[in-house]
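Hello,

Here is the model we talked about handing over.

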Amino acid sequence: MSSDELRPPALTPIVDPRFGDVEDDALATKRRSLLSLAGTLFAEISLPKLIAAWFVMIIGPGIMLGLAPQVALGWAIALRTNLAAPFAGLGALVLLVIVALAGWYGIRPLFRAAESNFWQLNSLAVQPFYAACREALRHFAEKLLPTDTTEAGRARLRAATSVAAGLVLSGLALSAAAAAWRASSWIGELADLASPYQLAKTALANSVVLIGLYLAAVALVWSIADALMPQPRALKGFAVADPTNGKSWRVAHLSDLHGVGEPYGLRIESGRSGPRGNGRIAAVLQRLDALHATTPLDLILLTGDTTDAGRSAEWAAFFDLLGAYPHLAERMLILPGNHDVNVVDRTNPARLDLPMSPAKRLRQLRMLSAMAAIQGPKVHLVDRHADTLGPTLAATLAPRLSGLADFADTGSWREAGRFGQLWPDLFPQVLPPREPDGLGVILADSNAETHFSFTNALGLVSAEQVLAIEKAFAAYPGARWIIALHHHLVEYPMPARALSERIGTALINGSWFVRRLSHAGHRIVAMHGHRHIDWIGECAGLTIVSAPSPVMEATDAAETCFYIHTLVATPDGGLGLGPPERIAVAGAAACATRAA
């Protein structure tokens with residue numbers, strides 16, 4: 001028998017699994033419309049989990065917020081009554097002490113809880129509504145502009161739509177507060193406890209009044225502040241190194257690699273319209289290795305979405321690729337993107353995690369494990385009680401390693417709660433400058449605390465992080481800084497392809513964040529990813545760099561790119577951005593084609 005007769009027949013499946021099928025397009029925004037995705041959401045949503053999530057995230061905080069003024073005013077009246085009454089005996093004195101102690105030990109924790117719930121409602125319901133209203137008005141107004149409209153004309157339109165959004169939202173908020181006022185009650189009594197349903201109803205009405213009045217005021221404040229601040233525009237020119245100083249830093253900016261855990265895996269957003277497997281990431285690392293060999297890099301910055309869904313297999317695949325280049329890993333800094341920590345389900349947009357579920361915390365733990373491996377000994381946390389940097393990330397985690405490993409192994413809800421308290425304290429992370437006037441890097445977590453696949457892309461920089469960033473500035477007053485985060489700080493001054501790009505992916509409080517940084521804007525370059533858009537611009541004196549994705553937005557056969565930036569010390573003590581170097585990543589030399 002000949003060797004040809006012994007050769008097994010060619011395997012030719014009817015459908016080539018290497019190219020995927022319609023299931024791989026379940027959440028692909030490149031192949032499905034927002035309306036289609038919304039239809040899938042309503043068809044697949046779990047009503048019991050949705051009700052539970054609404055109660056924990058909206059109704060519960062609303063009740064707590066509404067109860068706070070009732071309890072506080074009731075306690076104040078009781079205290080005043082006892083103070084005004086004559087001290088006829090020991091009983092009156094004891095009652096006064098009891099009421100005072102109840103206020104000291106009970107009211108203060110209640111107000112701390114109410115304050116926390118107020119800001120939770122603010123980030124979930126207030127800021128998103130303002131941002132959505134503003135961007136919707138801008139999106140549709142820009143479509144009506146003539147094609148020859150100048151940059152100044154577009155800036156005036158952006159300012160006007162900010163004010164219009166504030167007026168619209170302020171009017172709606174006042175209407176809601178007026179409608180809820182009749183059902184509200186602001187002084188509580190012990191007798192109210194006899195009717196829990198009525199008490200909860202009253203507390204929710206109080207909450208609507210408080211949030212409505214707050215939103216009516218701050219919507220106007222935000223809109224006027226947004227209108228008065230300089231609008232974003234493309235960068236007019238690039239900096240040249242100061243010949244008297246000569247300091248410059250060569251930074252490779254990567255973002256949105258969306259690594260998958262399977263050799264032929266497809267990405268959530270692109271589905272069959274995008275690349276398969278991790279060949280693109282391997283090609284990027286090969287290009288970086290060759291460039292570093294000829295002109296060394298000072299820093300490799302990876303601004304989020306290292307993985308496609310934050311799964312263990314995806315992180316394992318990334319480390320397998322990076323492990324071949326230890327000299328690149330030692331220059332790398334990474335931070336979390338929404339795909340690393342907020343994607344609940346790769347195929348079901350209706351899937352949600354309950355806030356107390358360990359699933360989200362496990363995704364954050366995988367992200368933390370990666371950060372600790374890559375930059376743990378290099379970056380420091382900020383001491384919230386002093387104007388100095390605290391210990392390194394590695395030192396902070398050292399006493400917790402056993403507990404973190406146990407959580408990864410068991411996924412217990414108790415450990416999930418403890419980790420949920422730890423995670424916010426781990427940001428920002430600071431790579432301090434080597435000299436007083438050198439370059440430092442601040443890594444922020446810009447992911448909103450979402451638990452829903454459909455809203456995974458929302459961004460929010462907490463006030464606590466901003467205060468910590470300002471402490472880092474104060475600790476090194478002469479330093480230059482890269483502020484790195486995943487989400488875009490401002491919407492680009494260019495038309496968007498779809499409204500969903502502007503209201504479903506934005507940094508909700510981006511304008512406020514820019515204003516907080518603007519006082520030191522000449523010393524800062526902000527670098528981000530998220531939208532896969534190549535853009536360099538400025539806003540309120542702050543230079544902003546948006547990274548394209550060298551993996552997404554193209555098939556395996558097409559060319560993609562990333563950039564190497566040269567940051568230079570300017571004569572005024574600031575940080576300038578030199579002309580960028582575009583690094584092309586060629587498509588696959590041989591790309592298999594689909595059978596006819």
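Is strand S11 (residues 535-539) largely enclosed by the rest of the structure or exposed, and why? All five of its five residues are buried, so S11 is largely enclosed. Buried means under 20% relative accessible area, exposed over 50%, and partly exposed in between (1.4 Å probe, protein chains only). Helices (H or I, at least four residues) and strands (E, at least two) are DSSP runs, numbered from the N terminus.

This is a predicted model, in which local features need pLDDT of at least 70 and side-chain atom pairs count only at pLDDT 80 or more, while totals for chains, interfaces and linings use all residues. Residues are numbered from 1 along each chain as its sequence is written, and side-chain values use heavy atoms, without hydrogens and water.

Both faces of S11 are covered, with Trp535, Gly537 and Cys539 buried on one side and Ile536 and Glu538 on the other. S11 pairs with S12 (residues 542-546) in the antiparallel sense over five bridges; two strands pair if DSSP finds at least two bridges between them.

Elsewhere, Ile224 lies in helix H6 and is partly exposed, with a relative accessible area of 45%.

Regards
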